[in-house]
Amino acid sequence: MDQRSSQEIVTVESSSVTVVEGKIESQEQAQKRKRKLLKDLLTGVSVYVLLLLCFSFLFIVHATPLVFHEVFGLLIFVVVITHVVLLRSFFSFVREQRQPVFIYRDVVLLGLAIAFILAVISGIAYSHVLLKDVISLPGSRRMWHDVHTVSTSYLLIFIGLHLGCYAQKFATWLSDSLAQLIVSPAPLSAEDTMADAVKRAQRMNKTVTWIKRFLGGGLALICINGIVQFVEQSFFDKLIAQRSFSFYDFESSWLSNAVNQLSIMMLFMAISALLYWGFLQLSAKKD
């Protein structure tokens, strides 16, 4: 390369990343970019984990004071309403989307909305602390307790199904972000050749592939635990209103109980991800 060509920027596209050849940043700039990427990754993952743990607390009432259960419930309510408001433009396209994959996604959303509304209303009617005697609804407290148990059980499932519609996007974001922390996507020297850029792209793709395999293996283990917990907790009995209380293993820690509830949700997320992929292939064939 001559002096002029060494300053040109050549882009090599791979399946998941873009590798740029040429002197585009200094070592200090590269480190700053990596720190920002790490910060964004940790922030995103932390938010997701905290939301999931907060949600799981709603299913282990015996592990915390009842006031915590109601506070977490109100917190989830605020988060959901904020989520809907921020993404309100999405609903303007619902009627126009006729492909099977979008119909499946919208049916899941409808089920999620119904379960959520019933859970909120029954939670208010059955409140023992924050909203006790504030709002009076017809029906006995026992009835609202049963409605709350059934609706929250369906809510757990539909949240998993809803997350499954976006599992592939999340896995891509997470694996690409981690891969960029492991393998620098941009060279730090002007002497790098096109061959070096291609090798870097190939190394990046292999890293992404192995990370996705690791994530898939972890999800498989979680799903196995989800199946075990679904059976041991007689979760199906709660779905058909044959069981009016939530399972809690007093011999296990609160964290273990929370993880077990999340395992059931992740099981349905994995099922939904497979269904979504199948409907996506069907939609592609119709187009």
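The dialogue below takes up the overall layout, then helices, single residues, aromatic rings and backbone angles.

Me: What kind of model is this, and how are its residues numbered?

Reply: This is a predicted model, in which local features need pLDDT of at least 70, side-chain atom pairs count only at pLDDT 80 or more, and totals for chains, interfaces and linings use all residues. Residues are numbered from 1 along each chain as its sequence is written, and side-chain values use heavy atoms, with hydrogens and water left out.

Me: How many helices and strands does the protein chain have?

Reply: Helices (H or I, at least four residues) and strands (E, at least two) are DSSP runs, numbered from the N terminus. The protein chain contains eight helices and two strands, in the order β-β-α-α-α-α-α-α-α-α from the N terminus on.

Me: What share of the residues counts as buried?

Reply: Buried means under 20% relative accessible area, exposed over 50%, and partly exposed in between, with a 1.4 Å probe and protein chains only. Here 36% of the 287 residues of the protein chain count as buried. As for contacts (heavy atoms within 4.5 Å), 75% of those in the protein chain with a separation of 6 or more come from residues 24 or more positions apart.

Me: How does the span of helix α2 compare with the expected value?

Reply: The expected span of a helix is 1.5 Å times one less than its number of residues. Helix α2, with 21 residues, reaches 31 Å from its first C-alpha to its last, close to the expected 30 Å. Helix α5 (residues 167-182) has 16 residues and reaches 22 Å, close to the 22 Å expected.

Me: Which residues of α2 are buried, and where do they lie around the axis?

Reply: An α-helix has 3.6 residues a turn, so residues three or four places apart point the same way. In α2, the buried residues include His-69, Glu-70 and Ile-76. These residues cover an arc (taken from the directions from the helix axis to the C-beta atoms) of only 120 degrees, which puts them on the same side of α2. In α5, Leu-174 and Ala-179 are among the buried residues.

Me: What does the side chain of Ser-127 contact?

Reply: A polar contact is a pair of N or O atoms within 3.5 Å; within protein, one must be able to donate a hydrogen and the other to accept it, and residues adjacent in sequence count only if both atoms are side-chain atoms. The side chain of Ser-127 makes such a contact with the side chain of Glu-70, at 2.9 Å. Ser-127 lies in the loop between α3 (100-125) and α4 (141-164) and counts as buried at 4% relative accessibility. Not counting residues up to four places away in sequence, Ser-127 touches Glu-70, Lys-132 and Arg-141.

Me: Is Asn-260 buried or exposed?

Reply: Asn-260, a residue of helix α8 (residues 254-286), is buried, with a relative accessible area of 12%. Leaving aside neighbours within four places in sequence, Asn-260 is in contact with Asn-225, Gln-229 and Gln-233.

Me: How many aromatic pairs are there, and why is the pair of Phe-68 and Phe-72 classed as it is?

Reply: A pair of aromatic rings is described by the distance of the centres and the angle of the planes. Rings of Phe, Tyr and Trp (its six-membered ring) pair if their centres lie within 6.5 Å; planes under 30 degrees apart count as stacked, over 60 as edge-to-face and the rest as tilted. A search of the whole structure finds six aromatic pairs. The ring centres of Phe-68 and Phe-72 are 6.4 Å apart and their planes stand at 65 degrees, so this pair is edge-to-face. Both residues lie in helix α2 (residues 66-86), four residues apart, about one turn of the helix. For Phe-230 and Phe-235, the centres are 5.4 Å apart and the planes at 35 degrees, so that pair is tilted. Ring pairs link Phe-230, Phe-235 and Phe-268 into a cluster, and Phe-235 counts as buried at 0% relative accessibility.

Me: Where does phi of Ser-234 lie?

Reply: Phi of Ser-234 is near 50 degrees, a positive value in a residue other than glycine. Ser-234 is found in the loop between α6 and α7 (235-239) and is partly exposed, with a relative accessible area of 27%. Ala-241, in the loop between α7 and α8, also has a positive phi, of about 60 degrees, although it is not a glycine.
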